[in-house]
Amino acid sequence: VGTKMEEVKREGVDLIIAIDLSNSMMAEDIKPNRLERSKQAISRLIDKLKGDRIGLIVFAGEPYVQLPITTDYSAAKLFLSTINTNIIPTQGTEIGKAIDLSIKSFDLENAQNKAIIIITDGENHDQKAIESTKKAQELGIFVHTLGMGLSKGAPIPIYNKYNSRIGYRKDKEGNTVVSKLNEDLLQNIALEGKGTYVRANNSK
């Protein structure tokens, strides 16, 4: 007779995915391109979540919270679908800043396991990323990295508004820029973050 309130411990983890939106993520060594493949991987991950919370951070030269941490998976998919390289004004690959913003976005008071997944081609030598990873791990947050790109690299295409490729990005000297995966950095981040490094490929 009557009802009573009962506190139930939520199983599951708090997960923040930080996705690189620098221009190099448009390279097509991973099909259809690095960014689209990343979005497909996140979408499949969202389908597997049960009782976990997920948040999305986008970054290039600066990081932004795209979706605060939530259990609303349909919202996560909706926000994911709107991600493209045009939504961030400053170019760069500031992984350290993305990790710092991810740390701030967690509720550090709760007891859930926490993890950050960084999806990037890691195209810089970001010592700050290692320091930020150490800070995350001191707080008990695991940091995983997903390397998007093949080690031999690929040029970065430029498309017009009709979605036709009109060329490739060039440097100041007029040479075509080849974007290569910086595997060492991503492996070191995963090592410091007690996480896993996974390299994307075209088969799975």
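Me: Is Pro155 buried, exposed or partly exposed?
Reply: This is a predicted model, and in it Pro155 sits in strand β6, residues 154–155. Its relative accessible area is 29%. Buried requires under 20% and exposed requires over 50%, so Pro155 counts as partly exposed.

Me: Is Ser102 buried or exposed?
Reply: Ser102 belongs to helix α3, residues 95–105. Not counting residues up to four places away in sequence, Ser102 touches Ile16, Ala18, Ile57 and Ile116. The relative accessible area of Ser102 is 0%, and the limit for buried is under 20%, so Ser102 is buried.

Me: Which residue has its backbone oxygen 2.8 Å from a polar atom of the side chain of Ser102?
Reply: Ser102 is in helix α3. A polar atom of its side chain lies 2.8 Å from a backbone oxygen, and that oxygen belongs to Ala98.

Me: Are helices α4 and α5 roughly parallel or roughly antiparallel?
Reply: Helix α4 covers residues 127–138 and helix α5 covers residues 183–192. Their axes are 8 Å apart, at an angle of about 20 degrees. Angles under 35 degrees count as roughly parallel, so α4 and α5 are roughly parallel.

Me: How many nonpolar, polar and charged residues does the contact of α4 with α5 have?
Reply: α4 passes α5 in a right-handed crossing. From α4 the contact takes in Ala129, Ile130, Thr133, Lys134 and Gln137, and these meet Leu185, Asn188, Ile189 and Glu192 in α5. By class, the contact has four nonpolar, three polar and two charged residues.

Me: How are α1 and α2 oriented to each other, roughly parallel or roughly antiparallel?
Reply: The axes of helix α1 (residues 34–48) and helix α2 (residues 73–81) come within 10 Å. They cross at roughly 175 degrees. Angles over 145 degrees count as roughly antiparallel, so α1 and α2 are roughly antiparallel.

Me: How many nonpolar, polar and charged residues does the contact of α1 with α2 have?
Reply: On the α1 side are Lys39, Ile42, Ser43, Ile46 and Asp47, which meet Tyr73, Ala76, Lys77, Leu80 and Ser81 in α2. By class, the contact has five nonpolar, two polar and three charged residues.

Me: Is the peptide bond from Lys31 to Pro32 cis or trans?
Reply: Pro32 lies in the loop between β1 (13–20) and α1. Omega for the bond from Lys31 to Pro32 is near -5 degrees, and the bond is cis.

Me: Is Asn163 buried or exposed?
Reply: Asn163 is in the loop between β7 (157–159) and β8 (165–168). Its phi is positive, about 70 degrees, although Asn163 is not a glycine. Relative accessibility is 61%, and the threshold for exposed is over 50%, so Asn163 counts as exposed.

Me: What is the phi of Lys194 near?
Reply: Lys194 is found in the loop between α5 and β10 (197–199). With a relative accessible area of 57%, Lys194 is exposed. Its phi is positive in a residue other than glycine, with a value near 50 degrees.

Definitions and conventions: Residues are numbered from 1 along each chain as its sequence is written. This is a predicted model: local features need pLDDT of at least 70, side-chain atom pairs count only at pLDDT 80 or more; totals for chains, interfaces and linings use all residues. Side-chain values use heavy atoms; hydrogens and water are left out. Helices (H or I, at least four residues) and strands (E, at least two) are DSSP runs, numbered from the N terminus. Buried means under 20% relative accessible area, exposed over 50%, partly exposed in between (1.4 Å probe, protein chains only). A polar contact is a pair of N or O atoms within 3.5 Å; within protein, one must be able to donate a hydrogen and the other to accept it, and residues adjacent in sequence count only if both atoms are side-chain atoms. Contact means heavy atoms within 4.5 Å. Axes are lines fitted to C-alpha atoms, for helices over the stretch in contact, and angles run from 0 to 180 degrees between N-to-C directions. Angles under 35 degrees count as roughly parallel, over 145 as roughly antiparallel, 65 to 115 as roughly perpendicular and the rest as oblique. A crossing is left-handed if the near helix is turned anticlockwise from the far one by less than a right angle, and right-handed if clockwise. Ala, Val, Leu, Ile, Met, Phe, Trp, Tyr, Cys and Pro count as nonpolar, Asp, Glu, Lys and Arg as charged, and the others, Gly among them, as polar.
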